[in-house]
Amino acid sequence: MDYVSALLPPVVMAAFFIGLVVTIVKSQGGDNKSKEDAAVDAAIARAEAVEQPGTPSGA
């Protein structure tokens with residue numbers, strides 16, 4: 001009976017991890033993909049627009 005109590009926590013954690021991965025994969029893309037892509041593109045554009053200190057402006 002000790003082996004059951006030793007194996008139960010890893011099995012439960014594995015089941016939750018598999019559920020988490022499935023949820024993440026299912027939430028990718030779909031109807032909101034274009035909005036997510038636009039938000040990421042806007043964030044990248046803002047980050048690139050900020051001039052880094054110590055960098056010549058002509059470079």
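Residues are numbered from 1 along each chain as its sequence is written, and side-chain values use heavy atoms, with hydrogens and water left out. Because the model is predicted, local features need pLDDT of at least 70 and side-chain atom pairs count only at pLDDT 80 or more, while totals for chains, interfaces and linings use all residues.

The chain holds two helices and zero strands (DSSP runs numbered from the N terminus: H or I of at least four residues for helices, E of at least two for strands). Helix α1 covers residues 2–27, and its end C-alpha atoms lie 39 Å apart, in agreement with the 38 Å that its 26 residues should span at 1.5 Å a residue (1.5 Å times one less than the number of residues). A kink of about 30° sits at Leu 8, shortly before Pro 9 (the angle between axes fitted to the seven residues ending there and the seven starting there). Just after α1, Gly 29 adopts a positive phi of about 75°.

The chain exposes about 5,400 Å², of which carbon and sulfur atoms supply 68% (Shrake-Rupley method, 1.4 Å probe). Val 22 belongs to helix α1 and is partly exposed, because its relative accessible area is 39%.

Conventions. Buried < 20%, exposed > 50% of the residue type's maximum accessible area, 1.4 Å probe, protein only.
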